[in-house]
Amino acid sequence: MNSANSTSLNLEQVWAEYQQTLKAFLHSKVSNTADVEDLLQEILIKTFQNLHKVQDASSVKSWLFQLANNTIIDFYRKHARQQRDSKIDADDLWFADLDHNEEFKQKLSLCIEPFIQALPEQSASLLLAVDIKGQSQKALAEEQNVSYSTIKSRVQKSRGDLKNLFEQCCNLSLDKQGNVIDCELKPESGCSNC
């Protein structure tokens with residue numbers, strides 16, 4: 001009898017019967033319509049791949065909704081990971097992420113340290129640790145016994161001050177992400193930092 005029940009489970013029939021109910025369930029848990037459509041397609045694929053495992057036709061509905069619930073949980077976990085990963089190291093990659101040839105990087109780094117040294121001592125030591133020596137902001141926060149957000153804020157302020165010093169002496173060309181792509185000394189600046 002079980003084999004008769006399992007062979008009677010036809011994907012088209014099951015999907016026709018439960019698609020709208022599943023879609024309403026997804027809408028109750030996920031606000032973005034495009035995400036709902038993507039999740040519905042994912043559930044259809046999983047149903048196609050696994051419907052043969054359902055032994056009893058009377059349990060199809062609960063099986064489908066458990067599948068939908070697990071798919072929603074996976075969806076939110078994936079988005080949480082993506083958000084976490086996109087925030088973790090964004091600030092720490094300021095200098096390492098420059099997409100230039102080595103000669104340009106060397107010229108720029110020779111010019112950076114004198115400007116950093118011209119900043120107040122706390123800002124200078126912070127930028128030397130993070131941007132020149134590559135120390136992580138989290139490790140620095142632990143070392144100085146301050147919160148990570150405090151260090152991030154101080155680094156951002158120090159970088160802003162550094163940028164202002166550069167702009168007094170140099171014409172900076174930046175890409176869309178704010179990375180330096182060219183640096184030219186202003187002839188009238190009389191700058192002694194470089």
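Modeller: Helices (H or I, at least four residues) and strands (E, at least two) are DSSP runs, numbered from the N terminus. Glutamate 143, for example, lies in helix α7, residues 137–144. This is a predicted model, where local features need pLDDT of at least 70 and side-chain atom pairs count only at pLDDT 80 or more, while totals for chains, interfaces and linings use all residues. Residues are numbered from 1 along each chain as its sequence is written, and side-chain values use heavy atoms, with hydrogens and water left out.

Biologist: Is glutamate 143 buried or exposed?

Modeller: Buried means under 20% relative accessible area, exposed over 50%, and partly exposed in between (1.4 Å probe, protein chains only). At a relative accessible area of 59%, glutamate 143 is exposed.

Biologist: Which side chain does glutamate 143 join in a polar contact?

Modeller: A polar contact is a pair of N or O atoms within 3.5 Å; within protein, one must be able to donate a hydrogen and the other to accept it, and residues adjacent in sequence count only if both atoms are side-chain atoms. The side chain of glutamate 143 has such a contact, of 3.1 Å, with that of glutamine 135. At the start of α2, a side-chain oxygen of asparagine 10 comes to within 2.8 Å of the backbone nitrogen of glutamate 12.

Biologist: Where does helix α2 bend?

Modeller: The bend at a residue is the angle between axes fitted to the seven residues ending there and the seven starting there. In α2 (residues 11–29), the bend is about 50° at tyrosine 18. Tyr18 is also one of the buried residues of α2, with Leu11, Val14, Trp15, Leu22 and Leu26.
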